[in-house]
Amino acid sequence: MMKLAIDLGSSVTKIFKIGSGVVLAEPSCVAVSTAHGGVKAIGEEAKRLIGKTAEFTTIVFPVFEADIVNGEMAAVMLSYFLEKIGVTRSRARRAEVLFSVPIGVQSGLIEKYRALAAACGIRTVHFVEVPFLSSLGQNMPLSETEPAFVVDMGGGNTNIAAFSLDGVIAGIGLNIGGGNIDSQIIDCVAEQFGLKIGLQTSEKLKMTVGSLYETDNESMIVNGRDIQSGRPRSVAVSSADVYGCLKLFADKVIEYTSMVIAKLPAEVSAVIWHNGISLSGGTARIIGMDDYFSHALQMDVNLADEPQMAVVLGGGRTIGDEEVLDAVRVEG
Ligand SMILES: Nc1ncnc2c1ncn2[C@@H]1O[C@H](COP(=O)(O)OP(=O)(O)OP(=O)(O)O)[C@@H](O)[C@H]1O
Ligand SMILES: [Mg+2]
């Protein structure tokens with residue numbers, strides 16, 4: 001039987017296939033015609049259209065802040081991704097699929113995932129919360145007695161948790177992620193330079209000049225529209241210009257991480273202080289994020305080897321191991 005792990009992220013959908021590894025990582029978006037509702041492009045191709053289309057095209061993100069907000073488009077998108085990796089509808093029917101879900105997932109979201117799976121022809125599904133998958137994807141030793149602490153920062157969602165194979169000890173899901181930094185950078189550039197830039201540009205700024213080392217000083221030329229005159233203009237934006245946007249996000253996550261740490265029973269807390277915490281998710285790739293956390297929390301912080309793939313890699317490891325799957329799957 002074919003086994004798949006699917007991480008339907010707010011920003012990027014990742015799929016792991018047992019026997020092959022990570023077989024897909026594409027933006028979770030669909031370009032739709034506003035005139036007749038037809039689908040124009042999906043995934044990578046759709047993302048390239050952001051900010052460049054006429055008013056007759058809208059870009060839909062079916063997963064927002066880790067919730068399936070457009071079930072119909074989610075099904076169109078996932079069916080397309082499955083086809084792309086050679087999983088036809090008849091194959092999907094015989095596949096066993098694991099979906100990653102946010103910490104503390106409610107039955108309403110599980111139902112949406114079941115409906116999505118059914119719409120794609122998938123009959124056998126399992127659900128596992130992000131923190132477990134992230135730690136398994138990083139090959140952290142997970143047992144009933146040894147707790148782990150993970151912070152996964154994605155595009156629209158951040159999961160913070162201390163847990164063992166026995167379950168979550170303390171944790172929280174926040175509906176913020178790298179997308180919030182992108183919007184913040186747009187506002188920041190508008191305020192400082194009087195220039196309106198697009199989402200693609202702000203994300204690129206975050207990835208290239210963005211750094212949580214205050215002394216870093218890279219810069220990048222960006223194109224946008226002058227807010228006053230409406231004419232195209234370009235400016236050089238530096239690391240220092242966007243530092244505040246990154247810091248705002250990191251400080252918020254650190255504040256909640258401290259709260260979760262404060263809730264831990266003394267013995268768990270001792271182990272966590274000793275072993276440190278682990279960061280994953282695409283947003284953990286921001287330069288200096290690990291050192292920034294380490295400095296603020298005064299503890300060891302480990303960045304996953306493949307931050308953005310940790311969850312789906314963990315999904316692959318879990319769907320391939322019945323014992324692990326039984327220990328971590330969400331019941332119901
Ligand atoms: N090198 C990088 N530097 C900074 N940010 C990055 C980098 N690479 C990816 N990102 C950001 O990571 C985010 C996507 O991460 P990820 O794929 O983990 O999210 P997701 O799983 O789709 O979303 P979520 O878990 O919130 O539902 C985006 O905001 C993206 O801009
Ligand atoms: Mg994610």
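Buried means under 20% relative accessible area, exposed means over 50%, and partly exposed lies in between (1.4 Å probe, protein chains only). This is a predicted model, in which local features need pLDDT of at least 70 and side-chain atom pairs count only at pLDDT 80 or more, while totals for chains, interfaces and linings use all residues. Residues are numbered from 1 along each chain as its sequence is written, and side-chain values use heavy atoms, with hydrogens and water left out.

**View 1**
A disulfide is a covalent bond between the sulfur atoms of two cysteines. Here the term stands for a pair of cysteine sulfur atoms within 2.5 Å. How many disulfides does the structure hold? It holds 0. Start at C29: the closest cysteine sulfur belongs to C120 and is 17 Å away, too far for a bond. C29 counts as buried because its relative accessibility is 0%. C120 counts as buried too, at 3%.

**View 2**
Two packed helices are described by the angle between their axes and the distance between the axes. Helices (H or I, at least four residues) and strands (E, at least two) are DSSP runs, numbered from the N terminus. Axes are lines fitted to C-alpha atoms, for helices over the stretch in contact, and angles run from 0 to 180 degrees between N-to-C directions. Helix α8 covers residues 239-262 and helix α10 covers residues 289-297. Their axes are 10 Å apart, and the packing angle is about 50°. The two helices are therefore oblique to each other. Angles under 35 degrees count as roughly parallel, over 145 as roughly antiparallel, 65 to 115 as roughly perpendicular and the rest as oblique. Which residues of α8 and α10 make the contact? From α8 come Y243, K247, F249, A250, D251, V253, I254, T257, S258 and I261. From α10 come M289, Y292, F293, A296 and L297. Contact means heavy atoms within 4.5 Å. By class, this contact of α8 with α10 has 11 nonpolar, 2 polar and 2 charged residues. Ala, Val, Leu, Ile, Met, Phe, Trp, Tyr, Cys and Pro count as nonpolar, Asp, Glu, Lys and Arg as charged, and the others, Gly among them, as polar.

**View 1. Helices α5 and α11.**
Helix α5 (residues 130-137) crosses helix α11 (residues 310-319) at roughly 85°. Their axes come within 6 Å. α5 and α11 are therefore roughly perpendicular to each other. On the α5 side, look for V130, L133, S134, L136 and G137. They meet A310, V311, L313, G314, G315, R317 and T318 of α11. The contact of α5 with α11 divides into 6 nonpolar, 5 polar and 1 charged.

**View 2. Helices α6 and α7.**
The axes of helix α6 (residues 178-193) and helix α7 (residues 199-208) cross at roughly 105° and come within 9 Å. That makes α6 roughly perpendicular to α7. G178, I181, D182, I185, I186 and V189 belong to the α6 side of the contact. L199, S202, E203, L205 and K206 belong to the α7 side. The classes in the contact of α6 with α7 are 6 nonpolar, 2 polar and 3 charged residues.

**View 3. T283 in its loop.**
T283 sits in the loop between β17 (277-280) and α10. Is T283 buried or exposed? At 6% relative accessibility, T283 is buried. Not counting residues up to four places away in sequence, T283 touches M153, G154, G177, G178, I181, F249 and M289.

**View 4. V125 in strand β10.**
Strand β10 spans residues 124-129 and contains V125. V125 counts as buried, with 16% relative accessibility. Leaving aside neighbours within four places in sequence, V125 is in contact with V97, F99, R114 and A117.

Most residues other than glycine have a negative phi, and most peptide bonds are trans. A66 is not a glycine, yet its phi is positive, about 65°. Its place is the loop between β7 (63-64) and β8 (67-68). A66 is buried, with a relative accessible area of 14%. Q298 also has a positive phi, near 55°. Q298 is in the loop between α10 and β18 (301-303). Q298 is exposed, with a relative accessible area of 60%.

Conventions: Chains lettered and ligands numbered in written order.
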